[in-house]
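Me: I am new to this structure and would like to learn how to read it one feature at a time. Could you take me through it slowly, giving the general idea before each case?

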Amino acid sequence: MLTDAEETALLAKGKERYGTRFEAFLQVSLGTGGRRGEVLGLQWTNIDTDGQSVTFTETKGKRDRVIPFNDDLVTVLERVRLQTQQQAGPFTDWYGNTI
């Protein structure tokens, strides 16, 4: 568990070093509690910004997990969606490779 100050510092350093998409990756990870592979494996079809939930399908337990998230994460995901409209997921490149 991170304090607010630690979370702010982590997000700022991630953005400074790797850019806004990595910052968004960190925000999704922190906001959902998702593991690295779960978050990187997200597809837009598994993200419901209206219902404010994400479905992790590539889980350690081999079972889907539906995780709710807050309004702040909706804003982050909508921003990333605008940046990655032609890509399968928020954290993939044009070729489907994870960032």
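Me: Which side-chain atom reaches the backbone at the start of H4, and what does it reach?
Reply: Bear in mind that this is a predicted model. At the start of H4, the side chain of Asn-70 brings an oxygen to within 3.1 Å of the backbone nitrogen of Asp-72.

Me: How many residues does H4 have, and how far does it reach from its first C-alpha to its last?
Reply: H4, which takes in residues 71-83, has 13 residues and reaches 19 Å between those two C-alpha atoms, a span close to the 18 Å expected at 1.5 Å a residue.

Me: Which residues of H4 are buried, and where do they sit around the axis?
Reply: To read burial, look at relative accessible area, where under 20% means buried and over 50% means exposed. In H4 the buried residues are Leu-73, Val-74, Val-76, Leu-77 and Val-80. Because they cover an arc of only 165° around the axis, they lie on the same side of H4. On the other side of H4, the exposed residues are Asp-71, Asp-72, Thr-75 and Leu-82.

Me: What covers the buried residues of H4?
Reply: The cover includes helix H2 (20-32) as well as strand E1 (47-48).

Me: In what order do the strands of the sheet stand, and how are they paired?
Reply: The sheet is an open one of 3 strands, placed in the order E1-E2-E3 with antiparallel pairing. E1 and E3 are at its edges and have a single partner strand each, so one side of each has no neighbour in the sheet.

Me: How many bridges join E1 to E2, and how many join E2 to E3?
Reply: Between the antiparallel strands E1 and E2 there are 2 bridges, and Ile-47 has Val-54 in E2 as its bridge partner, while Asp-48 stands opposite Ser-53 in E2. E2 and E3, which also run antiparallel, are joined by 4 bridges, and in this pairing Thr-55 stands opposite Val-66 in E3.

Me: What lies between E1 and E2?
Reply: These two strands form a hairpin, with 4 residues between them. Thr-49 has its place in that loop and counts as buried because its relative accessibility is 14%. Leaving aside residues up to four places away in sequence, Thr-49 touches Phe-69, Val-74, Leu-77, Glu-78 and Arg-81; of these, Val-74 and Leu-77 are among the buried residues of H4.

Me: Where does Lys-62 lie, and is it buried or exposed?
Reply: Lys-62 lies in the loop between strand E2 (53-56) and strand E3 (65-68), and it counts as exposed because its relative accessibility is 73%. Its phi is near 65°, a positive value in a residue other than glycine. Along the chain Lys-62 and Ala-9 are 53 residues apart, and 33 Å separates their C-alpha atoms.

Me: Which residues form the aromatic cluster, and how many aromatic pairs does the whole structure have?
Reply: One aromatic cluster is formed by Tyr-18, Phe-22 and Phe-25, and a search of the whole structure finds 2 aromatic pairs.

Conventions:
Residues numbered from 1 in each chain as written. Predicted model: local features only at pLDDT ≥ 70, side-chain atom pairs only at ≥ 80, totals over all residues. Heavy atoms only, no water. Expected span 1.5 Å × (residues − 1). Buried < 20%, exposed > 50% of the residue type's maximum accessible area, 1.4 Å probe, protein only. Arc of directions from axis to C-beta. Contact = heavy atoms within 4.5 Å. Polar contact = N/O pair within 3.5 Å; in protein donor to acceptor, adjacent residues only side chain to side chain. Pairing = 2+ DSSP bridges. Phe/Tyr/Trp six-rings, centres within 6.5 Å; stacked < 30°, edge-to-face > 60°.
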